[in-house]
Each structure stands twice: as structure tokens, then as C-alpha cells.
Amino acid sequence: MITFVCFIALLWKGPWWIDGKHLGHDLTPGEGAVVTGFRTTLVAIGAGVIAAFGLYYTDRNLKNSKEALKHTQESTQEQLQLTRLSIEHSEKSAVRQAELTREDQVTNRYVEAVKLTGSDSDTEKLGGIYALERIMHDSEKDHAMVVEFLCAFIREQAHTKRTQVSARPKEPVQAALTVLGRRPVRPERGRLDFRESSLQGASMTSGRFAGAAFDDCILDNAQASDADFKEASFIRASLKGAWIQRANLRTTDLDKCDMSDGNFARTDFSNASLFKCNLSNVMFFGADFTEATLDSSWAHGAHFGSAKLAKCYPEGACLDRANLSDAEGITDTFLAGAYVTAETRLPKNMRNTEAANQAISSTENAFSKKGHDHQA
């Protein structure tokens with residue numbers, strides 16, 4: 001306010017204060033022009049000062065506004081970050097809680113299913129087995145546990161030393177076997193273990209049993225066409241009368257297995273070991289024995305129609321009365337390694353050859369020697 005009053009006073013009396021000796025009270029036109037110029041200049045200076053102050057305050061206000069906006073933005077970003085972290089934490093907690101709830105539910109379902117399998121009622125056992133199958137499909141985490149339990153259930157319910165041999169497995173045992181054969185395809189840490197189980201007449205058609213252990217099992221008259229037994233083990237197992245066509249038995253271990261009277265047509269035995277097996281009267285139409293070992297096996301009356309025997313190792317295998325007439329890959333080396341008799345039906349191109357006659361003669365001499373040794 002004082003500044004304004006001073007400015008007005010300077011504007012009014014300024015010319016006389018500065019140059020009063022040349023200005024009178026009655027201004028001539030020239031003096032009036034001087035006064036007017038002074039006042040105009042003063043007004044211009046005042047306007048400039050005011051404008052400068054205005055620009056200064058405007059600039060300062062703009063800087064303050066920018067700083068305030070920056071601070072607000074930073075505060076907003078911090079708040080958004082805190083909100084996002086809070087939401088993520090809440091979501092993780094919700095997911096974890098849901099997972100815990102689900103695991104509790106699965107555990108309760110598993111416990112109830114296991115209780116049912118221990119019932120005296122076959123109907124309740126079936127309910128428990130199919131409940132376990134549902135758990136295995138729903139929960140990959142519990143897959144291995146269910147598989148191991150069902151294998152243990154089969155071994156306990158159908159153990160060869162505790163189970164009376166029957167034409168076919170009990171219904172719950174068959175159900176457990178079927179469930180395992182159609183289990184979801186997932187990586188597994190162990191193998192199916194059916195050792196010493198009585199599974200006579202069992203149905204495993206199209207089942208997945210790769211790598212399974214059937215050692216010392218009774219599988220007489222089992223039905224397992226189109227099943228996958230790759231790398232499985234059947235050591236000392238009984239497969240008499242089994243019907244296992246078009247199956248995958250590659251790299252299986254069938255040592256000392258009794259497969260007599262069975263039907264293994266078009267089954268793949270590549271790289272399989274059939275050491276000291278009983279192959280009497282087995283049908284091997286179209287079977288593949290590439291790189292398979294038949295050492296010391298007894299194949300009396302076996303039919304190898306169109307079977308692939310190239311690169312097969314029959315060292316010491318008895319092929320008395322076996323039908324090899326349509327088999328592929330029969331060579332002089334093959335005949336030299338096996339026991340071939342006059343009643344063995346050889347392919348046309350191998351009959352009455354020097355190699356065939358020599359193999360037959362060697363077999364007769366060997367059998368004759370064994371007969372003399374036995375009598376002695």
C-alpha cells in the first residue's frame with residue numbers, strides 16, 4: 001500500500017521534485033511535454049516492474065505446482081505399488097488356502113476310498129477302487145500313491161501263496177488291474193509291482209503295463225491283446241494258454257517262463273530274453289523275434305508261421321516238431337545253434353540242405369548221448 005502511495009506521489013510531484021527549478025506552476029507547452037514524458041516513462045517503468053513481479057511469481061507458482069504434482073505422482077505410484085503387492089499377497093494367500101482345502105478334500109477322499117477297499121463286501125471294494133481312480137485322474141500329485149496302493153492291493157488280495165487258484169481273478173482284483181492299465185500317461189518314479197500274484201484268466205487287453213514286474217505270477221489263460229509290456233519282467237511266470245496277440249513285449253525278460261499252449265500272434269518280441277522258456281505248442285504267427293534270445297528254450301510243436309527270426313539267437317533251443325515252414329530269416333547259422341529234428345518243418349529253401357541234415361544229425365547224436373547218460 002505504501003509503495004502504491006509513493007508511486008502516485010512520484011507520478012504527481014515527481015517532475016517538480018527532480019527538475020523543479022525549470023518547471024513553474026503554470027506550465028508552458030514544452031514543460032507540459034516534459035512532465036507528460038516523465039509520467040509516461042514512470043508509468044512504463046511501473047508497468048514493467050509489475051510485469052516482472054508477475055512473471056517471477058508465476059514462475060515460482062509453476063515450479064511449486066510441478067513439485068507438488070511430482071510429489072503427488074510419486075505418492076500415487078507408491079500407493080499403487082503397495083496396493084498391487086497387497087493384492088498379490090491376497091491372491092497368493094487365497095490360492096494357497098484353496099490348495100490346502102483341496103488337499104484336505106483329496107486326503108479325506110483317499111482315506112475313505114482306502115477304507116472301502118478293506119471292506120468284506122466286493123461291492124464296497126469296487127467303490128473304493130473306482131474312487132481311487134478318480135483321485136488319480138484329478139490329482140497328479142497323488143498319482144504315484146494311488147498306483148502303489150492298487151499294486152499292493154492286488155498283491156495282497158491275489159498272492160499265490162494265500163489265494164486259491166481260480167479261473168479268473170476276483171472282481172475287485174480285476175477292477176484294480178483294469179484301472180492301472182488305463183491310468184493317465186504321466187512320468188512315474190517306479191514300476192508296477194505284481195510279483196507273486198495269481199492273475200489266472202485276467203483281462204489286460206490294451207492295458208499299459210510297460211516296465212511292470214510279473215515275476216512268479218500265474219497268468220494262465222490271461223487275455224492281453226494289444227497290451228504294452230515293453231521292458232516288463234515275467235521271470236518264472238506262468239502264461240500257459242495266454243492269449244496275447246499284437247502285444248508289445250520288446251526288451252522284456254521272460255526267462256524260465258512257461259508260455260505253453262499260448263497264442264502270441266503278431267506280438268513284438270524284439271530284444272526280448274526267452275531263456276529256458278517252455279514254448280510248447282505256442283502260436284507265434286507273424287511274431288517279431290529280431291535280436292531276441294531263445295537260448296535253451298523248449299519249443300516242441302510251436303508254430304512260427306511268418307514269424308521274423310532274422311538275427312534271433314536260438315542257441316540250444318529245442319525245435320522238435322516246430323513249424324518253421326513260413327518263418328522268415330532261417331539261416332544255416334540259426335539251424336546250427338538250435339536242436340532241429342527230422343520232424344521240424346523247415347522252409348522249402350532249407351529242407352534237405354547240407355546245413356539242415358547236419359543240424360538234424362547233431363541233434364540226434366546229442367539226444368542219444370543224453371539218453372545214454374541218463375540210463376547210466
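Predicted model: local features only at pLDDT ≥ 70, side-chain atom pairs only at ≥ 80, totals over all residues.
Residues are numbered from 1 along each chain as its sequence is written, and side-chain values use heavy atoms, with hydrogens and water left out. Local features need pLDDT of at least 70, side-chain atom pairs count only at pLDDT 80 or more, and totals for chains, interfaces and linings use all residues.

**Helix packing**

Helices are DSSP runs (H or I, at least four residues), numbered from the N terminus. Axes are lines fitted to C-alpha atoms over the stretch in contact, and angles run from 0 to 180 degrees between N-to-C directions.

| Pair | Angle | Axes |
|---|---|---|
| H3 (residues 122-138) and H4 (residues 143-157) | about 155 degrees | 9 Å apart |
| H4 and H5 (residues 171-181) | roughly 150 degrees | within 10 Å |
| H3 and H5 | about 10 degrees | 9 Å apart |

H4 is therefore roughly antiparallel to H5. H3 and H4 are also roughly antiparallel (an angle over 145 degrees). H3 and H5 are roughly parallel (under 35 degrees).

H3 and H4 cross in a left-handed sense (the near helix is turned anticlockwise from the far one by less than a right angle). H4 also passes H5 in a left-handed crossing.

Contact means heavy atoms within 4.5 Å. Val147, Leu150, Cys151, Phe153, Ile154 and Gln157 of H4 meet H5 residues, including Pro172, Ala176 and Leu180. On H3, Lys125, Leu126, Ile129 and Met136 are among the residues that pack on H5. Their H5 partners include Glu171, Ala175 and Val179.

**A salt bridge**

The whole structure holds 13 salt bridges (a side-chain nitrogen of Lys or Arg within 4 Å of a carboxyl oxygen of Asp or Glu). One of them joins Arg182 and Glu133, at 2.8 Å from N to O. This pair links distant parts of the chain, 49 residues apart. Arg182 sits in the loop between H5 and helix H6 (332-337), while Glu133 is in helix H3.

**A nonpolar patch**

Ile45, Val49, Phe53, Tyr56 and Tyr57 form a nonpolar surface patch with about 510 Å² of accessible area together. Such patches take residues with over 30% relative accessible area and no salt bridge, with nonpolar side chains (Val, Leu, Ile, Met, Phe, Trp, Tyr) joined within 5 Å. Areas come from the Shrake-Rupley method with a 1.4 Å probe, and only the protein chains shown count as cover for residues. Ile45 belongs to helix H2 (residues 29-117).

Methods:
Patch = residues over 30% accessible without salt bridge, like charges linked within 9 Å, V, L, I, M, F, W, Y side chains within 5 Å. Helix = DSSP H or I, 4+ residues; strand = E, 2+ residues; numbered from the N terminus. Parallel < 35°, antiparallel > 145°, perpendicular 65-115°, else oblique.
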